[in-house]
Amino acid sequence: MEPTTDRLKTPRAAGMAGVAFALLLGAAIVLMRISIPGDAADATIDQDRRWAVQLALQIVPFAGIFFLWFMGALRAHTGEAEDRFIATVFLGSGFVFVAALFAAAAAAGTVLNEETPSDFGRHYAYTLLATYAMRMAAVFVLATSMIGRTLGVFPRPLAMLGTLVGLILIVVGSGVPWSELLFPAWALVISLYILRVRRTAAPTDRSGPP
């Protein structure tokens with residue numbers, strides 16, 4: 001029964017890491033959005049809100065770590081049945097997303113040190129986050145949904161939801177403020193589903209033959 005036990009631990013690890021990632025990334029996005037203005041008309045950072053930028057910069061590295069754990073646990077759960085082409089897109093988009101997320105946080109850190117943020121620093125941070133990081137996130141969502149649908153890991157409605165979220169993130173990009181929250185929201189839904197399936201499967205496994 002050892003392989004079955006290991007298989008049950010993997011979805012639980014993916015679910016817990018995914019929940020942590022979703023909550024941390026969502027909090028970081030909200031803190032950065034309310035602290036660093038996205039338009040030139042309101043370019044001054046409120047002194048009372050600088051703490052929010054500092055907190056967001058502390059959160060982002062942990063969000064990236066939990067995302068890598070989430071990604072690795074999901075890939076381990078698919079096992080040898082995964083499609084190598086889709087798996088390559090899955091891994092590549094995930095790694096580029098983390099790199100772009102860290103770069104956006106670093107750019108936001110430079111804006112924090114300025115009383116009046118420059119247009120270049122502000123737009124650079126938002127471009128990295130809303131355009132590059134989120135479009136890589138969209139590719140990751142689409143690849144994950146395709147893997148889940150092909151292998152039967154996710155039900156059809158959940159796979160369709162992922163496809164819809166991925167398409168919205170690709171098409172919308174930086175055009176709609178706060179659209180970045182779609183990605184952590186999707187990760188939270190996927191993680192909660194994985195945890196629910198794990199709780200359902202565990203009693204069945206314990207009641208089986210030794």
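From the N terminus on, the elements of the protein chain follow the order α-α-α-α-α-α, which amounts to 6 helices and 0 strands. Helices (H or I, at least four residues) and strands (E, at least two) are DSSP runs, numbered from the N terminus. The model is a predicted one, in which local features need pLDDT of at least 70 and side-chain atom pairs count only at pLDDT 80 or more, while totals for chains, interfaces and linings use all residues. Residues are numbered from 1 along each chain as its sequence is written, and side-chain values use heavy atoms, with hydrogens and water left out.

The mean pLDDT (the predictor's confidence in each residue, from 0 to 100) of the protein chain is 78, and 71% of its residues reach 70 or more. Where pLDDT is low, the predicted coordinates should not be read in detail.

Of the contacts (heavy atoms within 4.5 Å) between residues at least 6 apart in sequence, 82% join residues at least 24 apart.

The interior comes next. A nonpolar core is a set of buried Ala, Val, Leu, Ile, Met, Phe, Trp, Tyr and Cys residues joined through side-chain atoms within 4.5 Å. The largest one has 48 residues, and Phe21, Leu25 and Trp186 are among those with the most contacts inside it. Each of α1, α2 (50-78), α3 (84-112), α4 (119-151), α5 (156-172) and α6 supplies at least two residues of this core, with α4 giving the most, 11 residues.

Rings of Phe, Tyr and Trp (its six-membered ring) pair if their centres lie within 6.5 Å; planes under 30 degrees apart count as stacked, over 60 as edge-to-face and the rest as tilted. By this rule there are 13 aromatic pairs. One of them, Phe21 with Phe183, is edge-to-face, at 5.6 Å centre to centre and 70° between the planes. Phe21 lies in helix α1 (residues 2-35) and Phe183 in helix α6 (residues 182-206), so that the pair links parts of the chain 162 residues apart. Both residues are buried. Ring pairs also join Phe21 and Phe183 with Phe67, Phe90, Phe97, Phe140 and Trp186 in a cluster. Beyond its neighbours within four places in sequence, Phe67 has contacts with Phe21, Gly94, Phe97, Val98, Phe140 and Phe183.

Two other residues deserve a visit. Ser145, found in helix α4, is buried, with a relative accessible area of 1%. Not counting residues up to four places away in sequence, Ser145 touches Ala159, Gly162, Thr163 and Trp186. Glu180 lies in the loop between α5 and α6 and is buried, with a relative accessible area of 0%. Leaving aside neighbours within four places in sequence, Glu180 is in contact with Ile29, Arg33, Leu129, Ala130 and Met134.

Notes:
Buried means under 20% relative accessible area, exposed over 50%, partly exposed in between (1.4 Å probe, protein chains only).
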